[in-house]
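Try each one before reading its solution.

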Amino acid sequence: MKTFQCPYCGVGCGLYIDEKGRIKGDFEHPANFGDICKKPIYLTKVLSKDRIGRPLYRESKSKSLREISWEEAYGILKKKLTSLSPEETYFYLSGQLLTEDIYVANKFVKGFLKTNNIDANSRLCMASAVTAYKLAFGSDGVPCTYEDIDDADAFLFIGSNAAIAHPVLFKRVLKRRRESEGVGLVTIDPVETETAKKSDFFIQIRAGTDTVFLNSVFYVLHREGWIDYRFVENYTEGFEEALETARKFPPELAASVCDVKPEDIHLVAEVFAKSEKLISFWCQGLNQSVNGTMKNLALINLHLAKGRLNEKGCPFSLTGQPNAMGGREVGYLTNGLLGYRDVRNKEDREFMEDFWGVKGIKETPGPTITEAIDLILEERIKLLWVVCTNPAVSLPELRKVEEALSRVFLVVQDAYWNDTCEFANLILPASQVGEKEGVMTDSDRTITFCEKFSEPYGESKPDWLIFTELAKAMEASELFPYSSPKEIFEEFKESTKGRLCDVSDLSYEKLPARWGRRWLYEDLRFPTESGRARFHPAKFDIATEEGEFILLTGRLKNNWHTMTKTGKSPELLKGEVPPFVLMNPKDAEELGVEEGEEIVLSAKGKEITRIVRLGNVKRGHIFAPFGYPREFGEPTNFLVSDKTDPLSKEPDLKYAGVRVRVA
Ligand code: SF4
């Protein structure tokens, strides 16, 4: 029996493949105890569909791709990488890679090439949560664990449709409610999602205004005398400044900004004040915003104001991808280094130089992926290497992205043929989970070893091996002496000794296991300068987008990301195609359109067509899934701007102004 972590969402369910090749939930795994959702059931059926079996190359984009050998591919890359300056290259990774893959890629870029021009698709997903966690607690890392669900009595879902995006976790929450008296769920969202429908209270907020709502909850906590001053005085700093900002949002004013009732704000304040243990779950609804970091901080402020940590609760950010946490531990964003270290910190750089035996790690974070697209258009970045992600569908402002992909020398390293491959100069076939070994870290810091249960497709190779072999071709084998993922994990482990995310005592044989204590800040000492958690004034800034409707984007139920894998399963596609847009029945009536008819959405100089589905979306808002690849028509993200949060640089994928007409 081979066990592994589900390669889809960040819940990180443990799976196994039985003797008949069926995928089942692993009863021993702490993330799911045997539970499973529909997505991974069809995994083995799609393992070999539309795969890339050999490296492909073309001298120019006008030519057709032709098969080449790995040796030729490495030769082309060596020539390119040595003829360009490091700052003219850019690497874009993924939270779907194994930690060992990410480790070697990050070392190749930051330690060997000596550039910080590397980012990951976590930038589109978790960057605001990472930034807020670091500001509030001094470090990244979820403060509690899934076990905390089992004795909590209140759950807040804000900007999260966990019922479909993190289904096994959501079922655990429902189980808790079913089995215990007095457990309640509140959902705050502009759409009455599957999560909202299962909640005891649904607050239908205007998109983009969460910071106002949460500041107002803070206001009410203070007005009603519900602040936990003992906690605030003993373990935090910055309370007064944060409260000063919150006081600008009395419930009557906030209610009109957020288009909710003042009682809704009071209700959430009461839940914060009176529940025994409250877990707030959030996801992209808070993160993907020009105000994303502030939305996160406004929520964390509430937890600090009521001392809702550890046995009393937790602010719990849900990761979208299976190994986004592992990527963060390895430091795969533009500023990161191993073990939650940072290129801006001299001590961290010196440690890494000593650890890797290199000199000259750059101290300035590189550009983020949306900034890199601009730099490609300015011809300052000339080579883009995309690993295990599909930016031709998932990035915002796709017209610009298409132009950049058409101009740059593009390397795509992936298991499957995806939309981005259409623009590639060089395609490197990669093995995927099941065909290689290594670890992933889920949303609650549990690390799972993924066993290999299938031979790599064609000539595909594990991502770590591709970078290792290229390093050898570039005469850097002493830095990359790896012949197995285990050697890489052992090296990674050593770098984490004494850090918050210390995994030095773990081994493949001891997994699954969680790093850190169950409650990361159990002793209420925080890795900040003062040792205290920090309140932050949560300032409000709404996206300014012109249009008749606010377009919200998000997930489908049974498909995952840009459908590169799940979209190959007819069972998972059923009911999710053709691409649709969800609309309020009254808005549809005013527009003169009925369920099943087509409408045209236009913005950013682009028009896309979708069929209408009716649902309880807030008036003036529409919701469209972002993940449809081009085979189903124009991707949704053509309509979304690349404006980003000033601190996290995460794009606002949840607030686009669009015009709408009947097709
Ligand atoms: Fe996989 Fe997420 Fe479903 Fe678990 S809940 S089986 S991790 S997609």
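Is Phe526 buried or exposed, and what is its relative accessible area?

Solution. Phe526 has a relative accessible area of 5%, so it is buried (under 20% is buried, over 50% exposed, and partly exposed is in between, with a 1.4 Å probe and protein chains only). Keep in mind that this is a predicted model: local features need pLDDT of at least 70, side-chain atom pairs count only at pLDDT 80 or more, and totals for chains, interfaces and linings use all residues. Residues are numbered from 1 along each chain as its sequence is written, and side-chain values use heavy atoms, with hydrogens and water left out.

**Exercise 1.** Find the aromatic pairs, then look at what Phe108 and Phe467 do.

Solution. Start with the rule: rings of Phe, Tyr and Trp (its six-membered ring) pair if their centres lie within 6.5 Å; planes under 30 degrees apart are stacked, over 60 edge-to-face, and the rest tilted. Run over the whole structure, the search turns up 34 aromatic pairs. One of them is Phe108 with Phe467, tilted, at 5.6 Å centre to centre and 55° between the planes. (Helices, H or I, of at least four residues and strands, E, of at least two are DSSP runs, numbered from the N terminus.) Both Phe108 and Phe467 are buried. Now back to Phe526: it forms a tilted pair with Tyr521, 5.0 Å centre to centre with 45° between the planes. Tyr521 is buried too, at 1% relative accessible area. Finally, zoom out: ring pairs link Phe91, Phe108, Phe112, Trp385, Phe467, Phe480 and Tyr482 into a cluster.

**Exercise 2.** Check phi and accessibility for Leu524 and Lys604.

Solution. Phi of Leu524 is near 55°, a positive value in a residue other than glycine. Leu524 is buried, at 16% relative accessible area. Lys604 also has phi near 55°. With 25% relative accessibility, though, Lys604 counts as partly exposed. Its loop runs between strand E25 (598-603) and strand E26 (606-614).
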